[in-house]
Amino acid sequence: MVNSIHFLLTYSCTWECDHCFLYCSPFSEGAFTMEQIRSALTEATGLGTVTSVYFEGGEPFLFHPLMVAAVREARTRGFQVGIVTNAYWATTVEDAQIWLATLVELGISDLSISDDTFHQDSDNNTAKNARKAAEALGIPVGSICIDPPTVVAAEASEGNRGKPIVGGSVLFKGRAADKLVADLPRRPRSTLKTCPHEELVNPERVHVDAFGHVHVCQGISLGNMWQTPLSRLMKKYRAEDHPVVGPLVKGGPDELADVYGIDAGDSFVDECHMCFLVRRALVDRFPDYLAPRQVYGIDK
Ligand code: SF4
């Protein structure tokens, strides 16, 4: 039962982080229009189960007037609203309060700020400025901190004592699958038989983009909401019938590769790493379900 819709307000971002799931960059295309946002919110209401919406990206503050109008529209319709940002705009605490002032009036429930070494350095930490400004204004604020991958010894309790495993909180999909996997320990593909991170059968949250894709995981689309209304897409969704999600649910990335005869290698850093590489090999076969192409780091 979907209770939260996450709008990828734009794929464009100020930065081009190595760990970005969506391969965002300053050159990425795909930003919502106000009309599209209203249409999606109407459908979200029609679902009858959605209580919250998020505006994220890319970097949603790049489209600040649109983002504020979207928050206003969502609040008017009774949704709780959250925003995810890299806080590039918070050059000082005082200036950050100016950027956030309208959001105080509208009453957002969460401002999640990326605050880690991928996004910030210690000398010029705009995330800290944004956090201080939000706290001063009474906006509920949290940090998203993604640690770079490290190699550590497994704990004895895992039954793998001494074996190298990958620490940190990066998920190896999107640009991370290309940029951050070198020199990390690998697991045989035969061990990658689940999806450990997403609720693929009964998603509680989906991401939607301006192209109409409804993502159950970044780059896996359930369908296009500009062709089939979101409420209908969600009501008719059956994981087992989806050509990509079905095999993933049945036996993880290993099964997905088997079903379609994809040879992406014998060992991978984790499930997402294999899943992403196998899916990228299938983009041309399932262009409606593995989309948009840009989140796979390939041209449109
Ligand atoms: S295993 Fe695949 S579907 Fe599951 S979270 Fe990782 S990339 Fe997404």
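Me: Let's start with H7. Which of its residues are buried?
Reply: A residue counts as buried if 20 or more other C-beta atoms lie within 10 Å of its own. In this predicted model, the buried residues of H7 are Val-245, Pro-247, Leu-248, Gly-252, Pro-253, Asp-254, Leu-256 and Ala-257.

Me: And what do those buried residues pack against?
Reply: Look for strands E10 (213–217) and E11 (220–224), plus helix H8.

Me: How do I read the span of H7?
Reply: Compare it with a straight helix: 16 residues at 1.5 Å a residue would span 22 Å. H7 spans only 13 Å between its end C-alpha atoms. Now check for a bend: there's a kink of about 130 degrees at Gly-251, shortly before the proline Pro-253. Just after H7, you'll also find Gly-261 with a positive phi of about 65 degrees.

Me: Where does the ligand come in? Which helices each supply at least two residues of the shell around it?
Reply: H7 (245–260) and H8 (271–282) do. H8 gives the largest share, four residues. Among the residues surrounding the ligand are Leu-248, Pro-253, Cys-272 and Phe-276.

Me: What about the largest nonpolar core? Which residues touch the most other members?
Reply: The core has 83 residues, and Phe-7, Val-53, Phe-55, Val-71, Ala-130, Phe-172 and Val-208 touch the most other members. H8 turns up again, with the largest share of this core, seven residues. Leaving aside neighbours within four places in sequence, Phe-7 is in contact with residues including Phe-32, Ile-37 and Val-208.

Conventions
Residues numbered from 1 in each chain as written. Predicted model: local features only at pLDDT ≥ 70, side-chain atom pairs only at ≥ 80, totals over all residues. Near = placed C-beta within 6 Å. Expected span 1.5 Å × (residues − 1). Bend = angle between axes of the 7 residues up to and from the residue. Buried ≥ 20, exposed ≤ 12 C-beta atoms within 10 Å, placed from the backbone. Contact = placed C-beta atoms within 7 Å. Core = buried A, V, L, I, M, F, W, Y, C linked by C-beta atoms within 7 Å.
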